[in-house]
Amino acid sequence: MNLLLDEIARATARLADAGAASPRADAEELAAAVHGVNRGELHKVPDSAFDARFWEYVARREAGEPLQHITGRAFFRYLELKVGPGVFVPRPETEVMVGWALETLRDMDVRDPLVVDLGTGSAAIALSIALEAPTARVHAVEKDPAAFAHASRNVEELDERDQVRLHHGDFATALPELDGTVDLVVSNPPYIPMSEWEYVPRDVRDHDPADALWGGGDDGLDAIRVVERTARRLLRPGGHVAVEHSDRQGNPVYWVFAEENGWRDVRNRRDLTERDRFVTARLVAD
Ligand SMILES: C[S@@+](CC[C@H](N)C(=O)[O-])C[C@H]1O[C@@H](n2cnc3c(N)ncnc32)[C@H](O)[C@@H]1O
């Protein structure tokens, strides 16, 4: 055992007492960030290099600050994104929707597919699609200035092939120049019903930006309805859409994509915990 591993064990116990859901993973990630190593290299940090800022980070986590705001980084699929106060921390549930998007692009077999990410936040979805679908051109829309600043920084650092274009604005009216031409629209919009405010964990309520959580109105579906209308405007005939929702909204979101508005193959899709998590649909071909 070395000093750092001892300190991580003590921090794990403290974070468990504070009610953290993954105390050991949190303690290891905080230690890794402070010492500039990966989690798998923690045992290699010599005792003489122990950095006492570790305990400052642990105290912030104990007080309920999200892990990723403290470390300034979030992992999403194959990316390490810069995050912090003012931008939504990307969640693992969304990785599954991106996996579906990439499979769909492969099946579409379009040479340079045109993709739009509505409400891009840190640009997690847009940048993942760009990285994993090297010929895709991706447009990403974000209205919140603080989130847009984070997205810009991530795109600048991670978009090596210059595939992602960011647009500052409201996704209700965004990108009219692309109407009828887009192959795939993907969105993780705000969807928590205002009526569920009191049940949302305190660290989410206090630290994720309000625009990322509450744009859904009383039933949580307002922003999803806007995404449906924008997707219908942007997609070419036969184009696809995917929109994330909470694990209790599979049924109502299915009906947002109504047949009379041209939607076909509407499907409820599940996340890795087998809960309903996103709906996909295809716009009818001409
Ligand atoms: C739940 S967060 C998702 C962020 C990111 N796509 C992800 O999955 O990590 C929703 C994002 O949509 C943005 N947003 C909400 N309403 C919007 C609107 N009308 N137009 C553009 N962006 C919007 C929020 O500011 C926030 O960044």
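A residue is called buried if 20 or more other C-beta atoms lie within 10 Å of its own C-beta atom. By this criterion, 41% of the 286 residues in the protein chain are buried. The model on display is a predicted one.

**The whole chain.** Begin by displaying the protein chain as a cartoon, in which 11 helices and nine strands can be traced. The radius of gyration is 20 Å, close to the 19 Å that the globule rule gives for 286 residues, so the chain is as compact as a globular protein of that length. Along the principal axes, the C-alpha atoms fill a box of roughly 70 × 45 × 35 Å.

Next, select the open sheet of seven strands, whose order is 5-4-3-6-7-9-8 with mixed pairing. At its edges stand strand 5 (164-168) and strand 8 (263-270); each has a single partner strand, so one side of each is left without a neighbour in the sheet. On average, neighbouring strands are turned by 15° against each other, direction ignored.

Select residues 182-187 (strand 6) and 235-244 (strand 7), which pair in the parallel sense over five bridges. Within this pair, V186 has A242 of strand 7 as its bridge partner. Helix 6 packs on the sheet and touches strand 3 (114-118), strand 4, strand 5 and strand 6. The direction of helix 6 makes about 175° with that of strand 4.

**The ligand.** Finally, select the 24 residues around the ligand, of which P90, G119, G121, K143 and N188 come nearest. Helix 6 (124-132), strand 4 (137-142) and helix 9 (210-213) each give two or more residues to this shell. The shell comprises 12 nonpolar, seven polar and five charged residues.

Notes: Residues are numbered from 1 along each chain as its sequence is written. This is a predicted model: local features need pLDDT of at least 70, side-chain atom pairs count only at pLDDT 80 or more; totals for chains, interfaces and linings use all residues. Helices (H or I, at least four residues) and strands (E, at least two) are DSSP runs, numbered from the N terminus. The radius of gyration is taken over C-alpha atoms; the globule rule is 2.2 Å times the number of residues to the power 0.38. A residue is buried if 20 or more other C-beta atoms lie within 10 Å of its own, exposed if 12 or fewer, and partly exposed in between; C-beta atoms are placed from the backbone. A residue is near a molecule or strand if its C-beta atom, placed from the backbone, lies within 6 Å of it. Ala, Val, Leu, Ile, Met, Phe, Trp, Tyr, Cys and Pro count as nonpolar, Asp, Glu, Lys and Arg as charged, and the others, Gly among them, as polar. Two strands pair if DSSP finds at least two bridges between them. Axes are lines fitted to C-alpha atoms, for helices over the stretch in contact, and angles run from 0 to 180 degrees between N-to-C directions. Two residues are in contact if their C-beta atoms, placed from the backbone, lie within 7 Å.
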